[in-house]
Amino acid sequence: MGLLEAPLVEEALPSCEFFPVGLDRAKRTLSFARIGPEIYNSAAFLVPRQADMGKKAYIFNIDDLLLHARRNPWPTARIHYILISAFCCSTLLARYLDQLGTVLVLKEPGIIAQLGILKHAHSDLTPNLERSEWKEMATLSLNLMSRVFPAQQSVIAKPSDFGNLLGEDLLMHDLRSRILLLSVPLRTFILSVLKSPRRRNWVRGRAKFWHKNVARTFGLEDVNLARMNDAARSAYIWIVTNCLWMALRRHAYDGRVLTMNGDFISANPSAALHTLLSFFDIQVQNEDIQRVVESDASSHHSKRPSEKYSAEDRSLDLSDWERSYGREASEAVEWARTFAAGVGLGIGEGPFAELSRAHAN
Amino acid sequence: MRTETAVPLDQITQPAAHARADRAASQVFVEREFLLDPFSLRAQFDWKVARKGLSAVVQPGLTTGGVPAIFRSSPEQIFTHEIMIDLLNQVRKAARTRLHASHASTPQIAAFQEGSHTWVEQDATVAPWRYMYFLGPRHGTPSMVVTISMREAIFKWFAGLTRTSSATTCVASNDLILYRSTAVQSLRSEAATNILNDQILVFSGWLW
């Protein structure tokens with residue numbers, strides 16, 4: 001994207017056509033892409049490299065935005081979040097939600113991931129100043145996520161797994177918000193990674209990031225990533241994710257947190273949608289859910305909508321992956337059981353780690 | 001970079017007035033020779049004027065006797081993004097040290113012809129401080145007299161009763177002043193020339 005002079009702050013801030021795509025803490029700038037509802041709808045990831053977000057970047061001094069937001073706060077729609085383990089049918093779920101039409105769905109907005117990463121990055125500021133600066137950037141960014149087009153009443157944001165770094169911050173930001181934690185059983189997660197060289201690469205990078213930035217917080221630093229295979233690294237990431245969710249699951253925040261097995265979405269989308277929409281307090285008719293479930297989202301690949309792909313195809317794929325990588329996955333699950341026990345987590349057949357009594361209280 | 005507080009008005013003789021002027025002066029900070037390289041900023045303005053013409057760069061603002069006295073512009077019409085970011089980061093650094101403020105809004109830019117101007121910029125902003133940065137031409141050192149008038153409550157418990165105190169300082173090119181946002185400033189150009197791009201440009205924004 002090329003740099004261009006920005007439109008007026010007062011023009012850009014209240015309109016969700018201006019979507020924030022990049023925070024630069026050192027320069028104190030926030031850049032926006034200008035996108036219409038069709039891009040929100042079609043993009044699997046709302047980041048400039050992965051979606052057609054135009055060639056222009058509109059760059060603002062963050063302080064101008066903060067000042068304008070203080071003087072002219074815009075009404076924010078209710079926003080809910082889907083926090084994910086990755087490879088858990090979350091894009092499929094987002095595609096279903098897109099079809100409803102009354103909800104603005106933000107699929108993997110890069111800015112939430114950036115906030116998560118920045119929370120753990122350090123600048124030359126004092127820790128207090130750093131914290132307060134981060135907080136105001138987070139407030140501004142999350143308010144920018146809460147703007148809707150006229151026909152829509154609420155927002156559902158599905159950040160990438162980096163969003164898990166923000167769990168409690170998201171609930172504190174807006175007391176109306178709720179969070180769905182979406183995951184798959186560890187074995188499914190590992191198999192979903194091993195089947196694809198691109199995902200294996202992703203896992204190598206993520207494992208390094210988590211190890212460097214958050215492992216110490218949870219007592220997970222005692223691993224030698226260089227000597228682990230991709231299956232074990234996948235298991236490591238799954239455990240880190242469960243640690244990041246621990247506080248949300250432990251406190252449950254008066255029913256503001258729901259957990260769901262990602263397999264449920266592909267196996268029984270209608271029931272999954274009923275459960276989720278009722279939890280998010282979003283009113284829909286049964287016919288709407290029926291329409292959504294019978295749409296192309298059910299029969300096409302969620303990340304590559306031009307390819308046909310159904311729940312049956314996924315089930316066949318899983319059997320294939322089991323045949324090819326089953327032994328590797330079994331070894332990784334065994335390793336994970338021992339490793340997770342060290343931090344008080346149990347690993348069973350379910351989509352989430354079991355909290356020990358100490359964690360549950 | 002040197003820091004000073006503004007000099008109280010000479011003509012104030014009464015002790016109470018002195019005290020008020022001192023209080024006013026203590027709320028106005030002047031950072032002399034603020035930027036290490038102010039000329040690249042100036043060069044962009046001069047280049048833009050040379051390339052596009054003055055009227056495309058600044059628009060006439062306030063008038064005195066029918067003659068435009070203040071010309072206004074916004075920075076994106078003149079300067080590159082990078083140079084503005086750098087200026088703002090320097091302003092933030094000064095504000096952090098001096099005022100414990102770490103936010104700076106993008107400045108509005110004003111240029112003056114000649115004479116004296118009261119440039120009122122109060123509004124309903126929640127920012128407690130303002131900054132003004134003065135940028136003259138590369139050659140010559142034009143100066144400007146700035147008087148900052150501040151209104152203060154006489155009794156803390158009765159906000160309606162106020163009095164005004166003033167601090168005056170002489171600024172030159174590449175000076176930055178920081179002062180309370182509730183103040184009203186008046187600027188008197190001491191430059192003898194009427195050529196706009198040879199005069200001082202003033203960058204003015206909010207701090208908090």
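This is a predicted model: local features need pLDDT of at least 70, side-chain atom pairs count only at pLDDT 80 or more; totals for chains, interfaces and linings use all residues.
Visitor: Which element gives the largest share of the largest nonpolar core?
Guide: That core has 153 residues, and Leu178(B) is one of those with the most contacts inside it, along with Ile190(A), Ala235(A), Ile239(A), Ile177(B) and Leu207(B). As for the largest share, 10 residues come from one element. That element is helix 11 (residues 230–244) of chain A.

Visitor: How much of chain B counts as buried?
Guide: Chain B is built with 4 helices and 15 strands. Take its contacts between residues at least 6 apart in sequence: 76% of them join residues at least 24 apart. Of its 208 residues, the share that counts as buried is 38%.

Visitor: Where the two chains meet, which element of chain A gives the most residues?
Guide: Here 14 residues of chain A are in contact with 14 residues of chain B. Two elements of chain A give two or more residues to that side: strand 4 (56–61) and helix 3 (62–71). By class, the side has 6 nonpolar, 2 polar and 6 charged residues. The top giver, with 6 residues, is helix 3 of chain A.

Visitor: Which strands stand at the edges of the open sheet in chain A?
Guide: The sheet has 5 strands in the order 6-7-5-8-9, with parallel pairing.

Visitor: Is Leu258(A) buried or partly exposed?
Guide: Leu258(A) sits in strand 9 of chain A, and it touches Leu180(A) and Phe279(A), not counting residues up to four places away in sequence. To be buried, a residue needs 20 or more other C-beta atoms within 10 Å of its own. Leu258(A) has 18 such neighbours, so it counts as partly exposed.

Visitor: How far apart in space are Leu258(A) and Leu142(A)?
Guide: Leu142(A) is one of the buried residues of helix 6 of chain A. Along the sequence, Leu258(A) and Leu142(A) are 116 residues apart. From C-alpha to C-alpha, the gap in space is 21 Å.

Visitor: How far does helix 6 of chain A reach from its first C-alpha to its last?
Guide: Helix 6 (residues 127–145) has 19 residues, and 27 Å would be expected at 1.5 Å a residue. The model comes close to that, with 26 Å.

Visitor: At what angle do helix 8 and helix 9 of chain A cross?
Guide: Ser192(A), Val193(A) and Leu194(A) of helix 8 make the contact with Arg199(A), Arg200(A) and Val203(A) of helix 9. By class, that contact has 3 nonpolar, 1 polar and 2 charged residues. The axes come within 6 Å and cross at roughly 115 degrees.

Technical notes:
Residues are numbered from 1 along each chain as its sequence is written. Chains are lettered from A and ligands numbered from 1 in the order in which they are written. Two residues are in contact if their C-beta atoms, placed from the backbone, lie within 7 Å. Ala, Val, Leu, Ile, Met, Phe, Trp, Tyr, Cys and Pro count as nonpolar, Asp, Glu, Lys and Arg as charged, and the others, Gly among them, as polar. A residue is buried if 20 or more other C-beta atoms lie within 10 Å of its own, exposed if 12 or fewer, and partly exposed in between; C-beta atoms are placed from the backbone. The expected span of a helix is 1.5 Å times one less than its number of residues. A nonpolar core is a set of buried Ala, Val, Leu, Ile, Met, Phe, Trp, Tyr and Cys residues joined through C-beta atoms within 7 Å. Axes are lines fitted to C-alpha atoms, for helices over the stretch in contact, and angles run from 0 to 180 degrees between N-to-C directions. Two strands pair if DSSP finds at least two bridges between them.
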